[in-house]
Amino acid sequence: MTAAASDGWAAFTRRGLTLWLPASVNLGIASLLAPAMNALLARADDPEASIAGFSVALGVITIVALPQFRIQQLTLVFLHDQRALRSLRRFVVITAAAVGAISCAAALTPLAELILEGIFAATGDLLTQARAALVALCPLPVFMVARTHLHGAALRLGQARLVWLGTGLGAGGAVAISAGLIAAGMQGAAAAGVGTTLAAGLETVVLMAATRSLLRQGLPAHSPRSLDPSLGAVARFFAPLIFASLLPSATTPIVNAALARTAEPETSLAAFAIAIGLFQFLTILLWGAQPSILALLARGERVRRITVLTNGVAVAVLVASMAAAFAPPLSQLVIEDISGARDRLAELSLLGLRMLAPLPLILVQEQVFASALMQVRRTRPILYVNLWRLAALLVFVVLALNVGGLPGVAVGAGAWAASLIVEAVATYAYGRGAYRQVKADEALTFGR
């Protein structure tokens, strides 16, 4: 029996939350960083074009860097010994090179004009700012892929302080460098792009230096827990996850297109944006669920303890989201005082938040069973789960738009909630066998 299995609940909870908190902040930092960057750009020359131009360019780069969202999970599942580390490094280098090449094509070739003018219809100052930001952000996908791998390695080794350090350098550095460049007179969107890229590069270099000796000393040459660590096995695990990542990215455009067809399109779009933004902020702790579960499993913690901790965090988040949605003093604080919504916009924003508030417990169950699927290296079902989610979204939108009298925000929040509920149910259906297998493997391990 391992030391991790023999100690008490308090020690386990402390270990779990020590990993969970930085993992959540690390994955949710973008939603916190965006308002800070927008506040900076609002103080630049031509603030509207600066904010819009940087937003468009960053949106393009985020799509190019989409593999980064699965690299951390890949690292947590495979990183058991030095042989697996070598395969992971080769795969990360190949992936970083691929996204870097696509990013350069999108920023430095005529494809940039096709994207900015043809897709986003950017003209005038907006086009100028977006083009400059896109060039400045060109190297960012390479750093994004590399740093998520390094964050995953830090979590796998139990080095939560490195996750805090990297997140602080990346977010704080982006704001500080961008502010300095704007103060020096650089064009707003370009300054934000340069600041974001330089900070990500600094974060990556620091994490590489900090994890190098830890990985060499903390991983055995060969682990009995390691299955096939070859480059082919890594690619087979990763490919379904990439396609699965593409599907949720369609959610926001589909919902926005539906809201534009409701009775109060502008108000509905704004109210839904406020509601979903507040919900994501209130549930930021849930962002760390999957990496924390995978890290704890990789470190030999018991499945039952992990599940109890996960549900405990979800209950705490549920209490916070329900209080913000249904307790009048808190509702007024988040909707009117923080978001600045008034009158009809405030009314619809609150409706959207109330429809989303009960979701945390459902969302976290999806993370538990998805993690079990990854732990046993069965990732194809995750692709099927996301296809079910997309189908549920489309069906709900079509039906809701044909039901007269529904407020637009109810269509958007309802579609979002329905698709996530279907995703959770489908993940349970596909993942319960994997969950039982993880528990059986644990029983064999601890029974020795």
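Here are some worked exercises on the structure shown above.

This is a predicted model, in which local features need pLDDT of at least 70 and side-chain atom pairs count only at pLDDT 80 or more, while totals for chains, interfaces and linings use all residues. Residues are numbered from 1 along each chain as its sequence is written, and side-chain values use heavy atoms, with hydrogens and water left out.

**Exercise 1. The overall fold**

Task: Find how many helices and strands the protein chain has, and compare its radius of gyration with that of a compact globule.

Solution: 
- Step 1. Helices (H or I, at least four residues) and strands (E, at least two) are DSSP runs, numbered from the N terminus. The protein chain has 20 helices and zero strands.
- Step 2. The radius of gyration is taken over C-alpha atoms, and the globule rule is 2.2 Å times the number of residues to the power 0.38. For 448 residues the rule gives a value near 22 Å, and the protein chain agrees with 22 Å.
- Step 3. The C-alpha trace spans about 65 × 50 × 35 Å along its principal axes.
- Step 4. Buried means under 20% relative accessible area, exposed over 50%, and partly exposed in between (1.4 Å probe, protein chains only). Of the 448 residues, 51% are buried.

**Exercise 2. Salt bridges across the sequence**

Solution: 
- Step 1. Side chains of opposite charge can pair when their charged atoms come close. The cut-off for a salt bridge is a side-chain nitrogen of Lys or Arg within 4 Å of a carboxyl oxygen of Asp or Glu.
- Step 2. R15 is partly exposed at 28% relative accessibility, whereas E301 is buried at 5%.
- Step 3. R344 and E264 also meet in a salt bridge, at 2.8 Å from N to O. R344 is partly exposed at 32%, and E264 is partly exposed at 27%.
- Step 4. For R389 and E423 the N to O distance is 3.2 Å. R389 is buried at 11%, and E423 is buried at 9%.
- Step 5. Shared partners join E264, R344 and E347 into one network of salt bridges.

**Exercise 3. Surface patches**

Task: Identify the residues of the negative patch and of the nonpolar patch.

Solution: 
- Step 1. Patch residues have over 30% relative accessible area and no salt bridge; like charges are joined within 9 Å, and nonpolar side chains (Val, Leu, Ile, Met, Phe, Trp, Tyr) within 5 Å. Accessible areas come from the Shrake-Rupley method with a 1.4 Å probe, and for residues only the protein chains shown count as cover.
- Step 2. Lys and Arg count as positive and Asp and Glu as negative, while His and the chain ends are not counted. A charge is placed at NZ of Lys, CZ of Arg, CG of Asp or CD of Glu.
- Step 3. The negative patch on the surface gathers D45, D46, E48 and D125. D125 is in helix α7 (residues 124-136), and D46 is in the loop between α2 and α3 (47-64).
- Step 4. L17, L21 and W164 make up the nonpolar patch, with about 260 Å² of accessible area together. W164 lies in helix α9 (residues 160-183) and is partly exposed at 43%.

**Exercise 4. Backbone angles**

Task: Give the phi of D46 and of R377, and place R377 in the chain.

Solution: 
- Step 1. Most residues other than glycine have a negative phi.
- Step 2. D46 is not a glycine, yet its phi is positive, about 55°. D46 is partly exposed, at 31%.
- Step 3. R377, also not a glycine, has a positive phi of about 65°. R377 is in the loop between α18 (360-375) and α19.
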